[in-house]
Amino acid sequence: MERYPKLFSSVQLGSLKLPNRAVLAPMTRTSSEPSGLANDRMVRYYTRFAKGGFGLIITEGLYPDAANSRSYENQPGIATDAQADSWRPVIQAVHREGGKIVAQLMHAGALVQHGAFTPIAPSAVKPVGTMLEDHGGSGEFAVPREMTLSDIRQAVHGFAEAALRAKQAGFDGVEVHAANGYLLDQFITDYTNRRADEYGGSTERRIRIVVEVLDAIRAAVGPDYLVGVRISQGKVNDFHHKWAGGEEDARIIFTRLAAASPSYIHTTEYKAYAPAFHEGGPTLAELAKRYSGLPVIANGKLGEPDRAEAMLEKDHTDLVAIGTSALVNPDWVSKVQAGRDLHPFDHHFLLPIATLKDEEVMAQE
Ligand SMILES: Cc1cc2nc3c(=O)[nH]c(=O)nc-3n(C[C@H](O)[C@H](O)[C@H](O)COP(=O)(O)O)c2cc1C
């Protein structure tokens, strides 16, 4: 008897038929060329996860436009055709191993920690916390400039253009990063969005830009292409944030997103299996399923396969995304399937910064 029957059962995700329900979570590794082009080290890094059995790989966050969207030095982009084309060897290598790969589109908004330009954001609110040392930053963030309506239109357009470039380069889909404190999450979040226009105020208005991004992408890539959206409460610079409206906010957010017809919703919480709001209540993944009716990928401390299987078995999620455990077990899927022990993840693995380590990019046979 298979120990994890649900985890290792196949699943249809939009247009993709996947052999199992384990997804590689998106993880920024700031190892591209300074120009934002993907390189050979990245080909080798991503190939390991496909070889290791992950049915679906989500890339690290790629910046969609050249104007304002990049967060980090050596973060890869998909803002130009050359950047999109630089992913072709990664995509081909993943496909050769039988895997599928989705490009995550991530606009920094206020969370910029490179260069000397003024970031843009829904409102001129300095981000809480300090820059991410894992990604080479230190000290406080800059105060961003409040986006004009024209900035908003441009950012939405930038996502759609980037999605089209991803499709043309051969990616199997795109995921819109609307989580973890970056631009779109800054719109969703009450304390970073103080706008008085149609993009601020009520939860319905704060989610509006994400719906517009999904609509614009759908119009650009057509009805059948895989388009996901990632949502969280916590942020890289504010781990413990909770939506003030609780489950009612979840209802508004997930029903509005579903109306834009994404192919899936990806929820991330520190612990995906913990109640989203109150003791004994539903998880964020369950709420996403309930209110969107869409397939859901849950993420957060699910590298322990018993936990992943339990969430899948209870139908609280359709797929699980594995982050840090996959970094130290790129063959997480084959190991779990074979009943082999997993290496424990330790944050030291990412020190001094989260760039690719030599052992992660060794030539494959
Ligand atoms: C080094 C590192 C980089 C990350 N970069 C991204 C990113 O680019 N986009 C994103 O949505 N999440 C990013 N995350 C968050 C992960 O996708 C995931 O949510 C987190 O690691 C929790 O999952 P886990 O408990 O399985 O590790 C990153 C996490 C790590 C450790």
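Predicted model: local features only at pLDDT ≥ 70, side-chain atom pairs only at ≥ 80, totals over all residues.
View 1. Helix α8 covers residues 246-259, 14 residues in total. From the first C-alpha to the last it reaches 20 Å, close to the 20 Å expected at 1.5 Å a residue. Its buried residues are Asp-249, Ala-250, Ile-253, Phe-254 and Leu-257. Seen down the axis of α8, these buried residues fall within an arc of 115°, so they line one face of the helix. After α8 comes Ser-261, with a positive phi near 55°.

**View 2. The cover over the buried residues of α8.** Both helices and strands contribute to this cover. Among the helices are α6 (203-206), α7 (208-221) and α9 (284-292). The strands include β9 (226-232) and β10 (264-268).

**View 3. The closed barrel.** Eight strands form a closed barrel in the order β3-β4-β5-β8-β9-β10-β11-β12, with parallel pairing. The twist from one strand to the next averages 25°. Helix α7 packs on the sheet and touches β8 and β9, its direction making about 165° with that of β9. Helix α9 also packs on the sheet, where it touches β10 and β11 (296-299). The direction of α9 makes about 155° with that of β10.

View 4. Strand β8 spans residues 173-177, and five of its five residues are buried. In a regular strand, side chains alternate between the two faces of the sheet. In β8 both faces are covered, with Gly-173, Glu-175 and His-177 on one side and Val-174 and Val-176 on the other. Strand β5 (residues 100-105) runs parallel to β8 and is joined to it by four bridges; Val-102 stands opposite Gly-173. With β9, β8 pairs in the parallel sense over five bridges. Here Val-176 has Val-229 as its bridge partner, and His-177 stands opposite Arg-230.

**View 5. Val-23 in the largest nonpolar core.** This core holds 104 residues, of which Val-23, Val-210 and Val-320 touch the most other members. Helix α4 (residues 149-169) gives the most to the core, with eight residues. Leaving aside residues up to four places away in sequence, Val-23 touches Phe-54, Gly-55, Leu-56 and Ile-58, as well as Ile-297, Leu-319, Val-320 and Ala-321.

Note on methods. Residues numbered from 1 in each chain as written. Core = buried A, V, L, I, M, F, W, Y, C linked by C-beta atoms within 7 Å. Buried ≥ 20, exposed ≤ 12 C-beta atoms within 10 Å, placed from the backbone. Helix = DSSP H or I, 4+ residues; strand = E, 2+ residues; numbered from the N terminus. Contact = placed C-beta atoms within 7 Å. Expected span 1.5 Å × (residues − 1). Arc of directions from axis to C-beta. Pairing = 2+ DSSP bridges. Axes fitted to C-alpha atoms, helices over the stretch in contact; angles between N-to-C directions.
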